[in-house]
Amino acid sequence: MSKSISFKGTILFVGAKTSRKNAFLEYETPSFREGFEENITDTMMSSFDNLNLTAEEKKNLSRTHRKILNYYRHLSPFSLNLDAKKLIAEINQSKKTNIVIEANHYGAYVCLAALYSGKLSSDKKVEFILEKAPLALFPKTFIKTEPKINQHKVTFRLSENCWLSPFSSLYNNQRIKYSLKKAAA
């Protein structure tokens, strides 16, 4: 039996100067497009030719990595959209004007969908610190509006022990504007 892969991740509102503990945004476990089944043919190397991986990256791309990537490729856009709307509402209704949000795995996609929706309040300064999500696979249909550069910032944090670390092709996306911060393990 194969090991279960969890990629739901978290979205954490980091309290900078507050007595309240950090707050997690609750959202559903990601769902997949109708008809998606884990299929061995979907995890064959030929299924990932469109990612333009380097020869070294192809050599390091294990079956487990391919399974994770397959989950991201088959995410339900409806599920992602609902979770992004929930995050947008949480940010826009917050009394804080400076908000720091840390997110990983699928949670990072929810943050990106919210950011690129154009629906975040321009009265809020929001910094997203994202990890462990393949930015190269982020659905283009969710990039609707450029974020307000002075108000909204994205940092992609990459640690040495992160599964994406050896695959720079997977955390590069020409349409997503972010700064890269490499961290020690």
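Author: **A residue in helix 4**

L115 lies in helix 4; helices (H or I, at least four residues) and strands (E, at least two) are DSSP runs, numbered from the N terminus. Before going further, note that this is a predicted model: local features need pLDDT of at least 70 and side-chain atom pairs count only at pLDDT 80 or more, while totals for chains, interfaces and linings use all residues. Residues are numbered from 1 along each chain as its sequence is written, and side-chain values use heavy atoms, with hydrogens and water left out.

L115 has a relative accessible area of 3%, so it counts as buried. Buried means under 20% relative accessible area, exposed means over 50%, and partly exposed is in between, using a 1.4 Å probe and protein chains only. What does L115 touch? Neighbours within four places in sequence aside, L115 is in contact with L120, F128, T145, P147, H152 and V154. Contact here means heavy atoms within 4.5 Å.

Now take the whole helix. Helix 4 covers residues 106-115 and is mostly covered, with 10 of its 10 residues buried. These are Y106, G107, A108, Y109, V110, C111, L112, A113, A114 and L115. An α-helix has 3.6 residues a turn, so residues three or four places apart point the same way. The buried residues of helix 4 pack against several elements: strand 1 (11-14), helix 2 (63-73), helix 3 (77-93), strand 3 (98-104), strand 4 (125-131) and strand 5 (152-159).

Helix 2 is one of those partners, and 8 of its 11 residues are buried. They are H65, R66, K67, I68, L69, N70, Y71 and Y72. These buried residues pack against helix 1 (55-60) as well as helix 4.

**The sheet beside the helix**

Strands of a sheet pair through backbone hydrogen bonds, either parallel or antiparallel. Two strands are taken to pair if DSSP finds at least two bridges between them.

Strand 3 and strand 4 run parallel and are joined by 7 bridges. Within that pairing, I99 has V126 of strand 4 as its bridge partner. Strand 4 is itself mostly covered, with 5 of its 7 residues buried.

T155 is in strand 5 and counts as buried, at 8% relative accessibility. Its contacts, beyond residues up to four places away in sequence, are E127, F128, I129, L130, S179 and K181. With S179 there is also a polar contact of 3.4 Å between the side chains. A polar contact is a pair of N or O atoms within 3.5 Å; within protein, one must be able to donate a hydrogen and the other to accept it, and residues adjacent in sequence count only if both atoms are side-chain atoms.

R157 lies in strand 5 too. Its side chain makes a polar contact of 3.4 Å with the side chain of E131. Not counting residues up to four places away, R157 touches E102, I129, L130, E131, K181 and A183.

**The whole chain**

The protein has 4 helices and 6 strands, and from the N terminus on they run β-β-α-α-α-β-α-β-β-β. Of its 185 residues, 44% count as buried. Among contacts between residues at least 6 apart in sequence, 78% join residues at least 24 apart. The C-alpha trace spans about 50 × 35 × 30 Å along its principal axes.
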